[in-house]
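Work through the exercises below with the sequence and the model at hand. Try each task before you read its solution.

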Amino acid sequence: VYDKRTSDALVFRRLPPSLGVSAGRFENLGSVKNSGVEALLNLSVVDNPSLTWEATFNGSINNNELLSLGQDIEPIILGTQRHVEGFPLGGYWDFPIVSFADANGDGLIDTTEVVIGDSAEFLGAPFPKRTLTIQNRIGIGSRVRISGLLEYRGGYSLLNGTESWRIGQNTSRELNDPSATLEDQARGVARKFLNGTVAGYVEGASERK
């Protein structure tokens with residue numbers, strides 16, 4: 001079990017031009033919190049000269065939060081990712097898709113049928129909150145060894161940059177295939193024509209196919 005707070009993280013502070021120096025400098029201002037629990041279980045299921053079977057389970061839960069950037073420091077924006085106080089580091093932020101509907105019933109979504117939020121909102125964190133690893137090792141006699149590993153990561157999001165890029169190249173299914181789902185069409189229309197928001201392409205990473 002851990003509850004770690006890191007202080008004095010380097011943050012770039014902009015300085016007023018009246019000082020007659022550079023635009024800013026890095027100062028030890030930020031603080032970050034990481035907390036969670038990790039557990040490991042080793043099992044010897046079968047142990048005899050002709051057959052052995054060992055199993056290992058390793059799981060963890062982690063929570064990450066930016067506690068402070070320092071007094072009067074604005075959120076740090078890195079494209080679609082931001083460092084914002086009270087949220088995980090590097091979280092995805094953009095104008096959300098509030099609603100969409102095929103109002104005229106033609107099976108196609110256009111710009112008048114998608115509603116975008118007025119300000120950027122938190123869309124998800126890029127780091128897994130939950131992990132689980134299961135490993136099995138089987139031995140047959142003294143010559144054969146078989147092992148397998150299963151790994152799960154959940155509770156986080158990733159930007160589907162490939163599909164988002166295709167929108168800009170007009171090669172995406174969302175904008176060219178009438179059989180695409182209304183949800184996919186809506187995220188494509190929002191990306192291409194409405195603020196360029198990538199909100200529809202920030203996907204639950206544990207649910208991606």
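**Exercise 1. Find the buried residues of helix H1 and say how they are arranged.**

Step 1. Helix H1 covers residues 161–168, and its buried residues are Glu 163, Ser 164 and Ile 167. Buried means under 20% relative accessible area, exposed over 50%, and partly exposed in between (1.4 Å probe, protein chains only). Helices (H or I, at least four residues) and strands (E, at least two) are DSSP runs, numbered from the N terminus.

Step 2. Look down the axis of H1: the buried residues fall within an arc of 100°, so they line one face of the helix. The arc is that of the directions from the helix axis to the C-beta atoms.

Step 3. Recall the general rule. An α-helix has 3.6 residues a turn, so residues three or four places apart point the same way.

Step 4. Find the partners. The buried residues of H1 pack against helix H2 (173–176) and helix H3 (182–193). Contact here means heavy atoms within 4.5 Å.

A note on the source: this is a predicted model, where local features need pLDDT of at least 70, side-chain atom pairs count only at pLDDT 80 or more, and totals for chains, interfaces and linings use all residues. Residues are numbered from 1 along each chain as its sequence is written, and side-chain values use heavy atoms, with hydrogens and water left out.

**Exercise 2. Locate Leu 182 and list what it touches.**

Step 1. Leu 182 is found in helix H3.

Step 2. Its relative accessibility is 33%, so Leu 182 counts as partly exposed.

Step 3. Leave out residues up to four places away in sequence: Leu 182 then touches Phe 100, Asp 102, Gly 107 and Ile 109.

Step 4. Take one of these partners. Leu 182 and Asp 102 are 80 residues apart in sequence, yet 7.5 Å apart in space, C-alpha to C-alpha.

**Exercise 3. Is Gln 71 buried or exposed? Find its place in the chain.**

Step 1. Gln 71 is in the loop between strand S3 (51–68) and strand S4 (76–78).

Step 2. Its relative accessibility is 64%, so Gln 71 counts as exposed.

Step 3. Now compare sequence and space. Gln 71 and Gly 30 are 41 residues apart along the chain, and their C-alpha atoms are separated by 9.4 Å.

**Exercise 4. Describe the whole protein in numbers.**

Step 1. Count the elements: three helices and 13 strands.

Step 2. Check the box. Along the principal axes, the C-alpha atoms fill roughly 75 × 60 × 25 Å.

Step 3. Check burial. Of the 209 residues, 28% count as buried.

Step 4. Check the contacts. Among those with a separation of 6 or more, residues 24 or more positions apart account for 56%.
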